[in-house]
Amino acid sequence: MRSFLRENSHTVGFLILWMVVARFAPILMYGLLPLGVFLLRRVDKWQDILFGFIMVLVMSDAGPEFGHMAVFKSAKALYILALTLVLFVDQVRMAPMARLFTIFLPFFVYALFPIIRNETPLISAEKTLSYALLFLVVPNIVLYNFRLYKWDFFKNLIWFLVFVLVSQLFLPYLGERELYYLGGRFRGWFGNPNGMAIFTYLTLVLFTVVNRLHPGLFSRWGSLFIHLVLFYFIITCGARTSLVASLMFLVFIPFFRLSTALGIISFVAFVAVGELMASNLPYIITTLGLEEYMRVDTIATGSGRYIAWNYAWEQINARGDLLFGAGFEHEYNVFLEAWRYLSRQGHQGGVHNSYLAFWLNVGIVGLFLYFRSFTLIFIKASKNTPLALAVMFSVLFSIIYESWLAGSLNPYTILLLVILTLMSEEEIIGSLGKPEGGDAEPVEEVQGPLPPPPLILPAR
């Protein structure tokens, strides 16, 4: 990481400048963020454009202890608009464009119609637009960065994500230590420990995919350091869902590499065994002496999640959202109306389930269209690497307990889009079989026969 910081010190300095301005003159951020995008584009710092976007999204998710950073929650919309403008201005330079957006296009077109039933239609339209723009912009920025920097781009991206996590260790020394903990669980930059856990889990997935596809990209010590950092933060934040999702991903990789059918069977078996263990989980955890870390006292109530799920299902039926939903932001409005009632029941927060969040927002029709595209892109990616299905099933598990996938401008969905672009774009995967600088790159995870080597004729 020292090498990354040395070579990208300007990136760190740029981000620190943003935070200083947000602290002392937050109003200026509404001009500084889009201006920063245009300046970085002018000097061809395309990696920094993406890194800056990720950091803006991280800060927009920050907790109340970062009250002076609240400007990022609204200013981030200007960042995505600036990225969209850059994409349209440079579309000739970026051609051919990434194809991920077109696969999800039927969903985005449909998602416009439920807005007419929304309580706040203007905000709903903004949320729908931002979600569509994220799927349009991020894959193309990733693909263009790959064309410029090849696999070094993914190497730098992972080191940047690790830097974001490691930088949290200094936060307790900058203020009251208790501010960065919630119920004894470390939350760092993020508003809650679960958010930090999701970020860490998706970083682990991205790192594993890159490392498996290109084993020589990271040194042995670098790879060990990254693994230690990721597992440290997964454990420190005490988030059961992300811990299980991470283990599920790592465990399923060998099964999907051997056979798709075997991987699916193993997933079904995992779920079945998980249901069996769930009924005896408090006893098992207590026997292992992990009752404090796993918060055994909250398992019976699902940490409030079951309350949220039951309420969401009641509202889907009571409000007529079963088929068509009521547009993005509807889920937030439904839970905001009932926050007093839900808090008395022992629940704080949103629906804690991406499927139910989509269902409230776009109905079962939109839910079907979204996961149709979701499945298609992973099937497409699985033709390039068997890792794709391990990623898909671990994500499908994670979003049962968290609603991050139904949100656009958060620091989690963007990481999934990076992973999907990496696995689904033939230009990226195909480069593994091509020599670069005289050295052929590894092809361990790429399925299918490689093209024959070029015929070399003797000189005349």
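What is the volume of the second largest pocket? The second largest pocket has a volume of about 560 Å³. This is a predicted model, where local features need pLDDT of at least 70 and side-chain atom pairs count only at pLDDT 80 or more, while totals for chains, interfaces and linings use all residues. Residues are numbered from 1 along each chain as its sequence is written, and side-chain values use heavy atoms, without hydrogens and water.

**Second largest pocket**
- A pocket is an open set of points on a 1 Å grid over the protein atoms alone where a 1.4 Å probe fits, with protein on both sides within 12 Å along at least five of seven lines.
- Its lining residues have an atom within 4 Å of a point.
- The lining holds 21 residues, and Met19, Met69, Leu171, Leu174 and Trp189 lie nearest the centre.
- Two or more lining residues come from each of α2 (9–24) and α9 (151–166), helices being DSSP runs of H or I with at least four residues.
- Helix α2 gives the largest share, 5 residues.

**Tryptophan 159**
- Tryptophan 159 lies in helix α9.
- Leaving out residues up to four places away in sequence, tryptophan 159 touches Met1, Phe4, Phe218, Gly222, Phe225 and Ile226 (heavy atoms within 4.5 Å).

**Charge over a ring**
- The charged end of arginine 23 sits over the ring of phenylalanine 24, 5.3 Å from the ring centre (CZ of Arg within 6 Å of the centre and within 35 degrees of the ring normal).

Definitions and conventions
Grid points are joined across faces, edges and corners, and a volume is the space filled by probe spheres set on the points.
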